[in-house]
Amino acid sequence: QDKQKCPATLRFDRCSLGPSFCRSIAKGIMQRYDNMNTNTPQNPQPLSLSLCGNSDIADAGVAALAAAVRGSKAAATSALFRELDLSACGVGDAGAEALALALESHPACFDRLVLSHNKISDDGAGSIGNALAETTLKKSPSMILEIDGNK
C-alpha cells in the first residue's frame, strides 16, 4: 500500500470520537511519514485533520496526537499538518501542555492549529505561548494559532 495515496484532508467533525480514535490515527500519521519508501525523495504533503466537536477527545486524545508529532522524524523538518482543528474537543490545560511540548520539539509541525472553544485556561494558553515564543515563531513565523472561546 502506497502511504502517499492517503487523502490530504480528513474530516471527522462531530462523530462522537474519543481518545482511542486519536491513538489510532496518531499511529497512522507516524507510519505515513516515518515508514515511507526510502526511494521517495520527500515527505507527503501535510494533512488537514479536522476533529471539531468531538468533546470526548479531551486531553488524552490530544496527548496521543502530540506524542505522534514528537515521535515523528519527519516533523523535525517539515509540517505534518497543514491544519489540525481541535475546536470544541474538550481540550484542557494538560492537552495544551502536550501540544506545547510538540511545538517545542518540532517547531514547524503545524501550519495552522485550531484550539477554539475548549477548556484551556491561562496556564494552558501560557504553555502554548511560551512554546511559540521560544521556538515556533523563529522557525515557522507564518504558523496560525486560533485559541478563542476558551475559559
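The questions below concern a sheet, a loop residue and a helix.

Analyst: This is a predicted model, in which local features need pLDDT of at least 70 and side-chain atom pairs count only at pLDDT 80 or more, while totals for chains, interfaces and linings use all residues. Residues are numbered from 1 along each chain as its sequence is written, and side-chain values use heavy atoms, with hydrogens and water left out.

User: Which strands stand at the edges of the open sheet of five strands?

Analyst: Strands are DSSP runs of E with at least two residues, and helices are runs of H or I with at least four, both numbered from the N terminus. Two strands pair if DSSP finds at least two bridges between them. The order is S1-S2-S3-S4-S5, with parallel pairing. Two strands each have a single partner, so one side of each lacks a neighbour in the sheet: S1 (9-11) and S5 (144-146).

User: Is Asn54 buried or exposed?

Analyst: Asn54 lies in the loop between S2 and helix H2 (58-71). Buried means under 20% relative accessible area, exposed over 50%, and partly exposed in between (1.4 Å probe, protein chains only). The relative accessible area of Asn54 is 0%, so this residue is buried.

User: Which residues does Asn54 touch, not counting those up to four places away in sequence?

Analyst: Contact means heavy atoms within 4.5 Å. The Asn54 side chain reaches the backbone oxygen of Phe12 at 2.7 Å. The residues touched are Phe12, Asp13, Arg14, Cys15, Ser16, Leu17, Ala88 and Cys89.

User: Which residues of H2 are buried?

Analyst: H2 has 14 residues. Its buried residues are Gly61, Val62, Ala64, Leu65, Ala66, Ala68 and Val69.

Technical notes. A polar contact is a pair of N or O atoms within 3.5 Å; within protein, one must be able to donate a hydrogen and the other to accept it, and residues adjacent in sequence count only if both atoms are side-chain atoms. The expected span of a helix is 1.5 Å times one less than its number of residues.
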